[in-house]
Amino acid sequence: MAGENNNQNYAQPQENQQSYTPQQPYNQSNASVPPQKEKASVILAILSYLIPIVGFILFFAKKNSKPKTAKVCGICALVSFIINFIIIMVSVKLGLY
């Protein structure tokens, strides 16, 4: 009988055990507010086109916080730089500069 008491202390494994899966923590900031789309700033794009160095600075300053605005500023600055470079090269070739 002593041997039978020892066997009763051990629990039998259950076949229908569910494994624990951790759930994502509840994030209150995303609960009720739908994500808003970022709009690129037209004024910063125009400023980037007129003064390319400002566009490059804005690109590097805003690339993490506002990626769409940064991309537009960078593209406008690059396009302005290329157009200005072409105009200067044509002017030098024609002897106007």
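Student: Where does Pro-67 lie, and why is Pro-67 called partly exposed?
Tutor: Bear in mind that this is a predicted model. Pro-67 lies in helix H4, which covers residues 67–94. The relative accessible area of Pro-67 is 44%, and since buried means under 20% and exposed means over 50%, with partly exposed in between, Pro-67 is called partly exposed.

Student: Which residues is Pro-67 in contact with, once its neighbours within four places in sequence are left aside?
Tutor: Pro-67 is then in contact with Glu-38 and Lys-62, where contact means heavy atoms within 4.5 Å. As for Ala-40, its C-alpha is 8.9 Å in space from that of Pro-67, and the two residues are 27 apart in sequence.

Student: What makes Ile-53 count as exposed?
Tutor: Ile-53, whose place is in helix H3, has a relative accessibility of 56%, and because exposed means over 50%, Ile-53 counts as exposed.

Student: Which residues form the nonpolar patch on the surface together with Ile-53?
Tutor: Val-42, Ile-46, Leu-47, Tyr-49, Leu-50, Ile-51, Ile-57, Ile-75, Val-79, Ile-83 and Ile-87 form the patch with Ile-53, and their accessible area together is about 1100 Å². Helix H2 (42–50), helix H3 (52–62) and H4 each supply at least two residues of the patch, with the largest share, five residues, coming from H2.

Student: How do you know that Ser-48 is buried?
Tutor: The relative accessible area of Ser-48 is 0%, and buried means under 20%, so Ser-48 is buried. The place of Ser-48 is in helix H2, and, not counting residues up to four places away in sequence, Ser-48 touches Gly-55, Leu-58, Cys-73, Cys-76 and Ala-77.

Student: Why is H2 described as oblique to H3?
Tutor: The two helices pack at an angle of about 130°, with their axes 5 Å apart. That angle makes H2 oblique to H3, because angles over 145 degrees count as roughly antiparallel, those of 65 to 115 as roughly perpendicular, those under 35 as roughly parallel, and the rest as oblique.

Student: Which residues of H2 meet which residues of H3?
Tutor: On the H2 side there are Leu-44, Leu-47, Ser-48, Tyr-49 and Leu-50, and these meet Pro-52, Val-54, Gly-55, Leu-58 and Lys-62 in H3.

Student: How many helices and strands does the protein chain have, and what share of its residues count as buried?
Tutor: The secondary structure comes to four helices and zero strands, and of the 97 residues of the protein chain, 13% count as buried. The accessible surface of the protein chain comes to about 9000 Å², with 61% of it belonging to carbon and sulfur atoms.

Methods
Residues numbered from 1 in each chain as written. Predicted model: local features only at pLDDT ≥ 70, side-chain atom pairs only at ≥ 80, totals over all residues. Heavy atoms only, no water. Buried < 20%, exposed > 50% of the residue type's maximum accessible area, 1.4 Å probe, protein only. Patch = residues over 30% accessible without salt bridge, like charges linked within 9 Å, V, L, I, M, F, W, Y side chains within 5 Å. Areas by Shrake-Rupley, 256 points an atom, 1.4 Å probe, with all protein chains shown as cover. Salt bridge = Lys/Arg side-chain N within 4 Å of Asp/Glu carboxyl O. Axes fitted to C-alpha atoms, helices over the stretch in contact; angles between N-to-C directions.
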